[in-house]
Amino acid sequence: MTREEIAQALGDEPRAKMRGRQIADWVYRRAVADWAQMTDLPADFRAQMAERWSLQPLEVARHVTSTDGVDKLLVHGGDEQVFECVLLPYADRVSCCLSSQVGCPMGCRFCATGLGGFDRNLSAGEMIGQYLMLQRLTERRISHVVFMGMGEPLLNLENLVKTLRLLHDEVGLSYRHLTVSTVGLVPQIYELAELKLPIHLALSLHSTNDEIRSQLMPVNKRWPIAEVIEAMRAYSRATGRKITIEYLLLAELTDTPTQAAELARLIQGMPSVVNVIPFNFVATEESFKRPSRERVRAFKTELKRRGVNVTERVERGHDIAAACGQLAGQHAGRFARRPTSSALPVLS
Ligand code: SAH
Ligand code: SF4
């Protein structure tokens, strides 16, 4: 809820407007989850509210900390359908990675979440709740948010936009520090472009060849590469933002010099950066492989030679299965989700 919605929900409470502002300040800006700590509210009001409203809709099913300082929470909203969120501290900033759905219906063949099936969309409360829980784990302020956890955010557009607005209006984050990653749902990309929120949009492209991309990502059969790139160009024009192209490197499949050259051509003239992601091992029927360091370097060099801005996703939290869907996959025995494939999540 926004501060206005909180005030409204307080009904005929005296000074509802001010109370709404105070509560929003405690909950969103200071990440407080306990009415007793809201010391500028009258004690009897706090006691009353504690009976009526829960400030903590999520429960932690598991909390793991990696050797490189990454915290990962496996949470649920009482229904025992688990989803993941990750705290990512860097030297110059603290970022976090949130889930938008429990599971994902898009069925990408290399993805632990996609292979695990789909349960439901997350509410805006469950999304911002992940942020607030992670904020409580650190003294530093989380300034950046990426929607790269479980799920396809653009399939949950209404709640996603509500969450983005809460992160901006109530938590106080810059839209420029919010990133939404999509598998490439063309109509929703145009819809988001129309809202003109200056957030960062990242496209999971992963191949420049329609045949290969369709094998990896069923969504490509509906919206092939040319259409999704056109939509991303429109998004960039509408918002003035640079586009991120995420590019998964699968050995001998998507990491070829031909596709590097095609990629450079495909995004020519579009303000963009390519983020290459060496495959994070997931056991699948296809037995995808992570490319060697030499092949990753060669792919990047080929792009750079053609004038493309390239970054590489640094893998973190490897020892805690921090990649998309991996921890929830390990947990499937205890909080059963509906698997759609026989593929097993990796147990590293
Ligand atoms: N559904 C959205 C956002 C969540 S996935 C999307 O697909 O874009 C976040 C990113 O992790 C995507 O780029 C996805 O392709 C990538 N990813 C999924 N499984 C992976 C794996 N096994 N190794 C490396 N990256 C993976
Ligand atoms: Fe869903 Fe993204 Fe995984 Fe594809 S990569 S199955 S869209 S979470």
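# Exercises on a predicted model with two ligands

Of the 21 residues around ligand 1, those that come nearest are Gly151, Ser181, Ser204, His206 and Asn280; a residue is near a molecule if one of its heavy atoms lies within 4 Å of it. The model is predicted: local features need pLDDT of at least 70, side-chain atom pairs count only at pLDDT 80 or more, and totals for chains, interfaces and linings use all residues. Residues are numbered from 1 along each chain as its sequence is written, chains are lettered from A and ligands numbered from 1 in the order in which they are written, and side-chain values use heavy atoms, without hydrogens and water.

**Exercise 1.** Describe the polar contacts and the burial of ligand 1.

*Solution.* Apply the cut-off: a polar contact is a pair of N or O atoms within 3.5 Å; within protein, one must be able to donate a hydrogen and the other to accept it, and residues adjacent in sequence count only if both atoms are side-chain atoms.
- Start with the backbone: a polar backbone atom of Phe110 lies 3.0 Å from a nitrogen atom of ligand 1.
- Go on to Glu152: an N or O atom in its side chain is 3.2 Å from a nitrogen atom of the ligand.
- Then take Glu246: a side-chain N or O atom is 3.2 Å from an oxygen atom of ligand 1.
- Finish with area: ligand 1 taken alone exposes 530 Å², and the protein buries 94% of that (Shrake-Rupley method, 1.4 Å probe).

**Exercise 2.** Sort the shell around ligand 2 by class.

*Solution.* List the residues. Cys104, Met106, Gly107, Cys108, Cys111, Gly114, Gly151, Glu152 and Val183 surround ligand 2. Now classify. Ala, Val, Leu, Ile, Met, Phe, Trp, Tyr, Cys and Pro count as nonpolar, Asp, Glu, Lys and Arg as charged, and the others, Gly among them, as polar. For ligand 1, the shell divides into 11 nonpolar, seven polar and three charged residues.
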